[in-house]
Amino acid sequence: MRHSIAFSIALVLSTLSHRATAAAVGNLGYGILQPDEYDRPNAMVDPDIQEMVSRMTLEEKIGQMTQLNQDLVLGKDGVLNKTAVEFYANNYYVGSYLNQLGRNNINFDHAEYADLIEQIQEITLAANSTYKIPIIYGLDHIHGAHYVAKSTIFPHGINLGASFNPKLAYETAVVTARETRAANVQWTFAPVLDIPMNKQWARVYENFGEDTYMSSVMGAASIRGYQGRYKSDRSRVAASMKHFIAYGAPYSGQDRDTTIVSDRIVHDYFVPGFKAAIDAGVATAMESYIDVNGEPVVASNKYLQKLLREELGFKGMLVTDWAEIANLYTTHKVAATPRDAVRLSISSTSVDMSMVPSDVVFADELRSLVRDGVIPESRVDESAGRLLQLKKDLGLLEPDGWKADRSLPIGLPEDIELARQAVRESATLLKNENKVLPLQAGQRVLVVGPTSNDLSHLAGGWTIFWQGATEDAWHGPSSDEQFYSNGTTIYNGLRAAAPEGTVVDYQPGFDIQGRDINMSEVLEAARANYDVIVAAIGEHVYAEAPGDIHDIRLPQGQIDFIRALASTGLPVVTILVEGRPRVLDTINDDSAAILQTYLPGPWGGLPIGEILFGKVNPSGRLPYTYPKHVGDINLSYWRQANDVFDPLYEFGHGLSYSEFSYSNLTTTATATDGILVPGQTHQVSVEIINEGPADAKHTVLMYIHQPVRRVTPPAKLLKGFEKIDLKAGEARTVTFDISADMFRYTGVDDVPQGTIDSGLVKVLIGDKELDFTVQA
């Protein structure tokens, strides 16, 4: 209990350091509710749910724990196999289905989703069972309702992190929830809170970034957006924090490979985001594919019982990731049989639902294990209770609560504008040599490159299909067909944003693999007819393990063609469209300006054009460390202070068309002679001036540093941030909380967040710093 209390106090006090806009209700900077007004899982299952569980058969309860993929009941032609649904309902009482719905690789729209899921519900409710219990349907809607045709698709999580604006995380989640619920889907597998320590990893872009504090704030905001008052508001969904835990640090950089990491790193960097999610009331959690130091998470009592339930106090429902219980036998090699795999997971952990997803082995083996006395039925009761409670909270157990609300709006103009605003605030200007940007009226601009004239590369993976919008739903050529013209390419965005008298033309130049298309014609035209070249490059679309790479550099052809473009003598403005920070090699030197747009989504083209032409002042900051060298795949800004650190661009880097100055860094701790003690909070304030020439948004970052402690300290840690609007010439004072508890860490005694060392500490804001003394 000592571990849990110490850890909780540290996280709560750390969370207080984020100071959002003063006008917001509850000091959150978003929404209309106080923090304690958002719904959250009950500490105990309701008495009526307990009564239901007591009357259900073993098979019915195990059915609630079983989640199947839709392809077991849906043909490729989009026709529901009602006989299959009846089989799973009558024989296994299946409680959940997941994944996208469509016909012949064309996704259903909201009405078609609602119709088909209602058919599944009607068949399920007709089963001969003790209670008529609807299924809960789940989708990976991580950046909009992107598996449902004609939904609003937002930038990915990494963009939201780069915005440093929790309000955007909240508002995009509100829209995603509404458009998901309009499809009769009650559950989204989001947000992603992994902390991508390894920059080669294929899931970097799903996360908010490498910093645990920023990710905590953004994750909590998105959870509140998805859920709101989900126990009464039927436009909201259950969120799922994922992937618990330590998924973002595969030692090899390959998805699902082993994570080799100390308990100190787990508690100090991976846990805080999940703790913040639990504090925000997250309804469900998903465990991770991996093993940590050889221990598969899905069978880990240490992580899924002691840490998640007992130390962090999670009361919600826990689901496995795809086939993870079976993977104990097939992949992790810790179970000798499928039966042993089920036994290991269910007897060792608090897993409530198995994302099976392709057979009924889990249900059969669990029933056998209970019948044989290996697993007590009370363990099944525990999970069935949490699952039924979730369904009750979402309204599924109410009369007709399983039917869709057909009045929920989708694709609203203000939702599209929100998607654009998220790009405006996240696109990050990395370089602007000789102020080549913003582009000027009357210039002749040539747009080239593989990400400049389609929507699919802007949207990335987890869009339309798991692997992104491609002709073959896998890794083939990109296809914009299923965006239904809902979006704007970079080329068209530049055309729309260009002032009168400006010429904007397009030629492809080369493809996403770096293969020549018409570069000789491009180079000839550039020299003869244009003033500046805009080259949009980046990555082909991918998701998860199919996106694994062994070289973090961009394709050599892209690198070479940027050099060729630079050889024309014209300034080259490079636009990066990429899910992870690919090493640029000579691109950095060959580009006069570089704009990192991450994966801005299909509505990203216009905001990118607005930034390039100066209609929007860029305000994004890097949410990760951008490596210079291919060997630096594990480089993070919070590395140990003695580590070699030679990035191309550091976490938090981001240029503006304006200049800012910092002054008057002061503290209320002067009354205590600058002494900080645990349990007490002081404030630090700093004045920021927009020196012009343009109005701007600007993110103020507050770091802390302890020069000496018992365990080698990190170089610095982010503990506060605020995004402000400043007109040219305007000054504003920003205030953050500071506490000795921010300097907690997991010490040599291995007590999570249990150590504070006395001594000198520093607060760093901009180019200013303040010294304090911690008395532990």
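**Reading helices and strands**

A: In this predicted model, the axes of helix α9 (residues 263–279) and α10 come within 12 Å and cross at roughly 50°. The crossing of α9 with α10 is right-handed.

Q: Which residues make the contact of α9 with α10?

A: From α9 come D263, V266, H267, V271 and I278, and from α10 come K302, Y303, L307, L308 and E311. Of these contact residues, six are nonpolar, one is polar and three are charged.

Q: Which residues of helix α12 are buried, and what covers them?

A: An α-helix has 3.6 residues a turn, so residues three or four places apart point the same way. In α12 (residues 338–348), the buried residues are D340, A341, V342, L344, S345, I346 and S348. Their cover includes α10 (301–311), α11 (324–330), α13 (361–371) and α14 (377–393).

Q: Which way do the residues of strand β18 point?

A: In a regular strand the side chains alternate between the two faces of the sheet. In β18 (residues 593–596), A593 and L595 point one way, while I594 and Q596 point the other way; all are buried.

Q: In which sense do strands β13 and β17 pair with β18?

A: Strand β13 (residues 428–432) pairs with β18 in the antiparallel sense over four bridges, and L429 has L595 as its bridge partner in β18. Strand β17 (residues 572–577) runs parallel to β18, joined by four bridges; here T574 has I594 as its bridge partner.

Definitions and conventions:
Residues are numbered from 1 along each chain as its sequence is written. This is a predicted model: local features need pLDDT of at least 70, side-chain atom pairs count only at pLDDT 80 or more; totals for chains, interfaces and linings use all residues. Side-chain values use heavy atoms; hydrogens and water are left out. Buried means under 20% relative accessible area, exposed over 50%, partly exposed in between (1.4 Å probe, protein chains only). Helices (H or I, at least four residues) and strands (E, at least two) are DSSP runs, numbered from the N terminus. Two strands pair if DSSP finds at least two bridges between them. Contact means heavy atoms within 4.5 Å. Axes are lines fitted to C-alpha atoms, for helices over the stretch in contact, and angles run from 0 to 180 degrees between N-to-C directions. A crossing is left-handed if the near helix is turned anticlockwise from the far one by less than a right angle, and right-handed if clockwise. Ala, Val, Leu, Ile, Met, Phe, Trp, Tyr, Cys and Pro count as nonpolar, Asp, Glu, Lys and Arg as charged, and the others, Gly among them, as polar.
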